[in-house]
Amino acid sequence: MVAGEATSARVERLLADSGGVLALEPAWVARDFLPPGRRLGLPGDDYDRGERGAICERWLASTTPADNRVGVPDEGLSAVVTDDGAPLLLAEAVRAAPQLVLGTDYARTHPQGLGRLAKIFDYAARLPFHIHPPEHYAALVGRRPKDEAYHFLDGADLGAHPETFLGVHPTVATGLREEALLPYLVDWDSDLVLRTSSAYLQVPGDGFWVPSGVLHGPGTALTLELQEDSDVLAMFQALNAGRIISKELLFKDVRPEDRRRDGERFPLGFVDWERNGAPDLYRLSHLSPRPVGAPVPWGRREWVFHGSPKFSGQRITVEPGQVAELVEPGVYSVFAWAGEGVWAGHRLRGRRPGEDELVVVHDTAVRGVTVRNEGPTPFVAYLFSGPDLHPEVVG
């Protein structure tokens, strides 16, 4: 039996034994350009990773490798909890057995796999002002674009700077445009590029929608992010948290020939000036929870990530002693945030890395699962879906 067939058989056996659910280990990601917020549930010394920086992010149900200056094998990739302890990455399971995980029809039309990445980012300082290249520019370096959305988690410290910079002032977008930002990219010695933008308060329970091509600098609130499965970016802010960021991050996803020809002007091509300078940018970007269908007797079911065909996400709240029946149109992942519950026969505990994350494969999702809250407090979990599974939330 060849390796792929062996992995497929192993995935089939795991799913048969688990009722169509894969439990996952946490996937930690280090970053070296900002200090960690230390709110991810690790012991204090475990955040520090030497030359790699510190653990600042946790990626959820990830089949996307992290793209760091100093990386380690399989960083960012989620591992499946196996019965024999032998390693198995979720990416390997999806690649070897796409019909089992994604469903036959979805696997045929979505060869990229799960097609989305959920993560928690946890920084002690505001993230630098940056941008994700749109599809055309990402394709030049063989990557996918990175539309993304944020949800600010309840019950966590907001940090020192709970505000998000978004876009540029309308007068910049209709006026100097590139010339207004270019000096800051050339000089690369300050944070004054932020004077071209406006900041908005991060409110727990709310969030923002940030498509590729929009400049942004997220604040210090503990943030649940859902995005396309990509790690492309260009930093536009040199000074952040008291240190100068490597200018190489401005050109991280720029081809060498484009950098030689255009220098700092080339990343400015990533900017969608109309969207960045929209007078109603806050309205276009703001995400607040929306009910999923009619009210339910067992708690609340809300859309917290909506407005795009590329991904969607729900917050499920099951009150103590209550039972929810959930049917979904395809494969999804689950992250438990608060309380304890039993999801499709698997116990989940919020704030307990290693006991809080699942993937529910297609056949199980469409049949429906039972979610029970057997604890004394509300059980709160997030449910993440990939491209095209919930077209009803696009509008």
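I began with arginine 349, which forms a salt bridge with glutamate 355, the closest N and O atoms being 2.8 Å apart; a salt bridge here is a side-chain nitrogen of Lys or Arg within 4 Å of a carboxyl oxygen of Asp or Glu. I was working on a predicted model, in which local features need pLDDT of at least 70 and side-chain atom pairs count only at pLDDT 80 or more, while totals for chains, interfaces and linings use all residues. Residues are numbered from 1 along each chain as its sequence is written, and side-chain values use heavy atoms, with hydrogens and water left out.

I looked up the exposure of this pair and found arginine 349 partly exposed, with a relative accessible area of 23%, and glutamate 355 partly exposed, at 26% (buried means under 20% relative accessible area, exposed over 50%, partly exposed in between, with a 1.4 Å probe and protein chains only). Both residues belong to a network of salt bridges that links Glu340, Arg347, Arg349, Arg352, Glu355 and Glu374.

I then noted that the structure holds 39 salt bridges. In one of them the side chains of aspartate 356 and arginine 58 meet at 2.7 Å, N to O. Aspartate 356 lies in the loop between β22 (346-349) and β23 (357-360) and arginine 58 in strand β3 (residues 54-60), so the pair ties together parts that are 298 residues apart in sequence; for helices (H or I, at least four residues) and strands (E, at least two) I used DSSP runs, numbered from the N terminus. Aspartate 356 and arginine 58 are both buried.

I recorded Ala180, Leu181, Leu182, Tyr184 and Leu185 as buried in α7, and α7 is followed by tryptophan 188, whose phi is positive, near 45°.

Last, I checked serine 18, which sits in helix α1 (residues 3-18) and counts as buried at 17% relative accessibility. A polar atom of its side chain lies 2.5 Å from the backbone oxygen of valine 21.

Methods: Polar contact = N/O pair within 3.5 Å; in protein donor to acceptor, adjacent residues only side chain to side chain.
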